[in-house]
Amino acid sequence: MTLTPERSAPSTSVLTERLRLETMSPAEMDALISQSRLPGWAEDFPQPTDLDAARQFFEQGLHTAAPALATRVIREQETGEVVGTIGFLMLPEAGDAEVSYSVVPSRRNQGYATESLLALSRVALDEPTVSRVIAHTEEENTASQELLLTAGFMPVEIPGLGLAFVLLRDQLPDASL
């Protein structure tokens, strides 16, 4: 089944050098949850993590969050294809905004995840309710750990929650990365 994306309101896109992080439309959210495909999606999009994230974003009402914290698709500017998702797993709690991200295998190792993560972290840390962006990863996921370290996140211990990495406003790398 192929659906046509529709936008009910103007998107609050975040632009990077090569990507557009676009607020996920209701049609995109529905397609992910129902495991349907939309035109303009990379051949290997979505991945299981994108489907799980869409369900979680929807269940927690994050699809209607403040524009800075909205769930987004990662779209290549050059091709216009959606190549991943990025968003926050909950509204900021005690100043923490927990980020989740995924880039399809065909676009990995090109710096897209780092580019997206840094751009969205900047947006989140501009929000007065956010003092740090946090990301969790599995101990065996060394690629994600390397990505987080490259993006300036620092490892912290949070007992019982696996590996956690945080980024504070004053730790943001230069915008040129």
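**Close-up views of a predicted model**

**View 1. The buried side of helix H4.** In helix H4 (residues 142–150), the buried residues are Ser-144, Gln-145, Leu-147 and Leu-148. They share one side of H4, because they cover an arc of only 160° around the axis. The arc is taken from the directions from the helix axis to the C-beta atoms. Buried means under 20% relative accessible area, exposed over 50%, and partly exposed in between (1.4 Å probe, protein chains only). Helices (H or I, at least four residues) and strands (E, at least two) are DSSP runs, numbered from the N terminus. This is a predicted model: local features need pLDDT of at least 70, side-chain atom pairs count only at pLDDT 80 or more, and totals for chains, interfaces and linings use all residues. Residues are numbered from 1 along each chain as its sequence is written, and side-chain values use heavy atoms, leaving out hydrogens and water.

**View 2. The other face of H4, and its cover.** Ala-143, Glu-146 and Thr-150 are exposed on the face turned away from the buried side of H4. The cover over the buried residues includes strand S5 (96–103), helix H3 (112–125), strand S6 (132–137) and strand S8 (163–168). Just after H4, Gly-152 has a positive phi of about 95°.

**View 3. Ser-102 in strand S5.** Ser-102 lies in strand S5. Ser-102 is buried, with a relative accessible area of 7%. Its side chain makes a polar contact with the side chain of Thr-49 (3.0 Å). Another, of 3.5 Å, joins the side chains of Ser-102 and Asp-50. A polar contact is a pair of N or O atoms within 3.5 Å; within protein, one must be able to donate a hydrogen and the other to accept it, and residues adjacent in sequence count only if both atoms are side-chain atoms.

How values were computed
Contact means heavy atoms within 4.5 Å.
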